[in-house]
Amino acid sequence: MLLKSLSVFKKGALFGAVSSIGLAMGAAPTAMAAGWEPTKPVEFVIPAGTGGGADQMARLIQGIVVKHNLMKQSLIPVNKSGGAGAEGFLAVKDAKGDPHKIVITLSNLFTTPLATGVPFNWKDMTPVAMLALDQFVLWVNAESPYKTAKDYIAAAKSAAADPPKRFKMGGTGSKQEDQIVTVGLEKATGSKFTYLPFKGGGAVAVQLVGKHIESSVNNPIEAVAQWRAGKLRPLCVFDDTRMPYKTKVTSSMAWNDIPTCTESGVPTDYVMLRGIFMPPGVTQEQVSFYVDLFKKVRETPEWKKFMEDGAFNQSFMSGKEFAAWVEKTEGLHRNLMKEAGFLAKK
Amino acid sequence: MTNTDITSADKHAVIGVRAMEIIVAVVILAFGAVIAWASYDLGAGWADDGPQAGYFPFYIGVIIAISSFVTLMQALLTRAPDVGAAFVERGQLKLVLSVLVPALVYVLVIQWFGIYLASAIYIAVFMVWLGKYAWWKGLLLGVIVSVCVFMMFEVWFQVPLHKGTLYNPLSFTGY
Amino acid sequence: MEEINALFHGFSVAMTPFNLMLMFVGVTLGVVIGVLPGLGGANGIAILLPLTFTMPPTSAIIMLSCIYWGALFGGAITSILFNIPGEPWSVATTFDGYPMAQQGRAGEALTTAFTSSFVGAFVAVVMITFLAPLVAKFALKFGPPEFFSVYFLTFCSFIGMGKGSPWKTLTAMMLGFSLAAVGMDTVTGQLRLTFGLSELMRGFDFLVAVIGLFGIGEILLSMEEGLSFSGRSARINLKVVIETWKKLPQYWMTSLRSCLIGCWMGITPGGATPASFMSYGVAKRMSANGAQFGKGHIEGVIAPETAAHAAGTSALLPMLSLGIPGSPTAAVLLGGLLIWGLQPGPLLFVEKKEFVWGLIASMYLGNIAGLIIVLTCVPLFAAILRIPFSIIAPLIIVICAIGAFSVHNAMLDIWFMLLFGVIGYVFKKLDYPMAPMVLALVLGDRAEDSFRQSMLISQGNLNVFFANGLVGSIMALGLVMLFWPLVNKLREK
């Protein structure tokens with residue numbers, strides 16, 4: 001047993017080493033053409049706490065950069081989670097022209113300033129690249145009688161009239177992505193939930209396993225372990241297309257087998273940005289360096305495995321395309337949050 | 001060392017326990033009032049689904065105000081025999097300030113020039129001034145400590161420490 | 001018996017010379033991390049995680065968990081020597097450990113702390129070995145009302161311990177709560193008590209307050225009495241270890257109780273910090289020498305250290321079997337597992353047997369390695385107190401400043417540390433008790449969150465705290481604890 005795991009690891013390492021040589025050779029000319037390189041360690045701001053989705057991703061990137069020697073200087077993750085991430089974003093906003101600072105974003109890039117009135121906007125920073133989009137899935141306890149989103153919504157609706165009996169929906173944080181999805185679900189179905197905010201996605205999944213809540217809108221990676229163990233059941237994914245991964249995750253299902261919510265008659269969709277930004281006032285050369293860096297990161301086997309484990313949508317964007325996407329998504333959040341009454345009082 | 005040159009003037013109370021009790025209680029009372037007022041603005045009621053954001057802080061502020069008011073009254077009305085006891089004597093205060101004031105300056109220097117330079121200077125000054133060590137001993141230890149801290153935090157653990165807002169004396173190292 | 005077989009297989013995995021070397025390196029690094037305030041086990045592990053990608057996952061996780069053990073051991077050192085808790089869970093250790101050091105019993109206090117830590121961790125590992133599936137099921141029973149009841153019990157077991165003015169105790173505790181409330185409110189997402197300052201959004205970190213209140217405050221107090229720390233006469237040879245060991249067995253009851261509290265809090269997962277406070281409070285109540293607590297009584301070191309380690313260790317169980325981290329350190333380890341392609345969760349025990357048992361075996365071995373290392377260093381640590389005050393005092397202040405800064409990478413926190421230092425000095429002289437304030441600051445926001453989550457569930461109905469046997473009995477126990485001093489007083493009359 002042990003030998004097996006060791007040999008698997010070694011194979012992985014070998015493959016990693018080979019591919020990194022390949023990458024280094026392929027990448028050398030572009031690196032020279034870009035001209036700019038970090039001259040000191042790069043601070044990687046994480047506007048969220050340790051152990052969360054953004055934190056995991058940032059630390060994975062740090063590990064990949066070290067392992068494949070993608071950058072001469074090191075990448076140092078720093079958690080600045082205060083005020084739902086506002087602390088981290090403000091630190092980047094204030095570091096005008098500093099090319100040795102990057103920040104990984106999640107939806108709090110939009111939700112935090114809207115919900116708290118803290119003065120910053122994504123336009124105060126320089127967009128670098130979209131790394132991936134994170135999905136949301138509607139989960140229920142595997143022992144609950146609901147096999148489809150339709151069953152579940154019908155039951156939720158009949159319980160909605162009496163507040164203490166309302167279905168409890170668990171999620172991470174308040175007035176953030178999970179609650180926006182929940183409100184979206186309410187709007188689309190005319191049902192009502194009691195939204196319960198917790199501090200992390202892992203805690204939400206366990207509360208659901210322990211039947212303290214009726215459902216959750218966890219990201220795939222937060223709930224996958226419990227799903228595989230047969231404790232949770234996915235009902236639908238909040239996106240307009242199914243997730244592409246066809247490898248079986250449980251004995252009978254792959255991510256691809258989870259229907260979209262629209263298919264199940266609950267027309268709601270929402271995806272979350274996992275992207276990289278820099279402080280304002282940096283040069284195009286500096287931005288290109290990081291765009292290249294993340295392109296290389298995306299080619300590594302570790303990153304690919306992480307994407308598949310977490311069923312991420314692997315869209316990649318940079319430059320104008322990315323800026324346009326962010327602009328559009330910000331407008332979307334403004335509308336959603338306005339309808340839900342989440343905007344900060346002026 | 002400093003203990004030997006304590007004079008009778010140093011035994012004088014700078015401030016009495018009672019006066020200090022009153023000052024502290026008033027400061028805490030004001031603090032409690034600010035907390036309560038700021039929380040009231042947030043909404044300090046009990047909504048249908050439980051307490052609002054300001055509910056607990058509001059009552060916490062109120063309780064702080066009440067309890068410090070009681071302490072204040074006790075201090076004002078007390079007839080205890082040690083009512084005139086000294087909170088701090090002059091000689092003691094001198095000693096305390098001889099640590100506190102350099103510490104304040106130290107933090108200010110950290111703010112401007114970063115933690116490493118400030119720490120080296122601070123250790124040297126403390127040793128030479130209060131410990132009466134030879135200046136080179138102080139300086140040597142100060143520099144050694146700063147270099148060790150630098151190696152440990154910046155290089156091995158990769159925790160960037162404060163570099164100074166006015167000027168970073170370590171910019172030559174690339175960190 | 002299946003467990004025993006698996007465990008021995010695990011030992012054979014962990015016992016390679018390479019892995020043993022990693023254990024010693026890990027424990028030593030961990031002690032260093034634990035000693036430096038602000039640099040916690042979570043930082044150490046997070047920082048070293050990428051470096052471990054070059055070794056097999058089993059070796060890497062062994063090394064990382066040994067850093068964790070080392071940090072648990074190391075936290076006690078500065079608490080005992082300088083009254084500065086290196087880690088949140090060693091605050092309660094200062095209450096009796098520091099007075100012991102002042103009386104020249106630093107070696108005894110350190111030996112007690114290390115030995116108790118070892119016992120706590122060992123009991124927890126045995127529990128993990130044999131009861132893992134059962135325990136995981138128990139952890140699932142904890143929803144928001146149950147969490148609140150646990151925090152309630154912690155407060156109740158600690159309240160009414162001070163001898164001073166009850167009004168001052170109340171003031172101090174409420175000050176702690178008010179500081180805990182600063183920052184983002186989890187339930188509504190509103191910013192509270194930040195007065196528009198972005199620097200206040202992250203709230204007050206408990207470590208910054210504690211470094212100031214205890215560490216800087218203590219230096220100012222020592223200054224008043226002339227330039228010295230009273231503890232210089234500490235004996236520095238290894239005999240102290242043997243002598244202390246002879247004393248420890250008579251306190252087996254305190255030890256056992258603290259193990260139970262620790263294991264329970266680690267699983268739920270309340271965590272090591274509340275466990276250490278609760279255990280200290282309960283030990284003071286139950287012990288025949290309760291009045292001696294706070295004046296340098298050996299049981300006052302045994303109780304928090306045993307519980308903190310039992311909790312810190314058993315917190316790894318919910319992480320492995322449920323995928324929920326019981327502490328920030330566990331959260332980072334969890335991230336590490338994911339990067340290695342290991343998915344924590346119920347299936348980890350089935351699919352990655354050799355990994356899990358290798359880890360559990362390394363818990364046994366890492367603890368023994370840790371104990372050996374720290375015990376041999378006891379004379380060395382105690383000798384630190386012989387360094388002249390005018391050298392050690394600036395060093396302590398420098399380390400405090402670095403600690404305060406590195407908690408959040410915030411310059412303002414160093415200023416707050418100084419401010420808390422002055423507050424600590426004044427409060428100590430005016431008999432405002434510091435312990436309730438610190439406890440409220442640590443647990444205040446968590447208690448409030450779980451209370452309000454419970455209220456959301458029940459739509460404002462307080463009956464939710466007595467709705468089932470589990471939550472009801474914990475609440476009842478809390479109430480008993482709360483009124484215990486009152487009952488005692490009545491009985492005396």
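Modeller: Three bridges join strand β1 (residues 42-46) of chain A to strand β3 (residues 101-105) of chain A, and the two run parallel; strands here are DSSP runs of E of at least two residues, helices are runs of H or I of at least four, and both are numbered from the N terminus. The model is predicted, so local features need pLDDT of at least 70 and side-chain atom pairs count only at pLDDT 80 or more, while totals for chains, interfaces and linings use all residues. Residues are numbered from 1 along each chain as its sequence is written, and chains are lettered from A and ligands numbered from 1 in the order in which they are written.

Within this pair, A:Val45 stands opposite A:Val103 of β3(A). Both strands belong to an open sheet of six strands in chain A, ordered β2-β1-β3-β10-β4-β11 with mixed pairing, where two strands pair if DSSP finds at least two bridges between them. The edges are formed by β2 (75-79) and β11 (317-318) of chain A, each of which pairs on one side only.

Turning to helices, the axes of α6 (residues 106-140) and α13 (residues 299-314) of chain C come within 7 Å and cross at roughly 35°; axes are lines fitted to C-alpha atoms over the stretch in contact, with angles from 0 to 180 degrees between N-to-C directions.

Between chains, 55 residues of chain B are in contact with 50 residues of chain C, contact meaning that C-beta atoms placed from the backbone lie within 7 Å. Among the elements giving two or more residues to the chain B side are α1 (17-42), α2 (55-77) and α5 (135-156) of chain B.

Methods: Contact = placed C-beta atoms within 7 Å.
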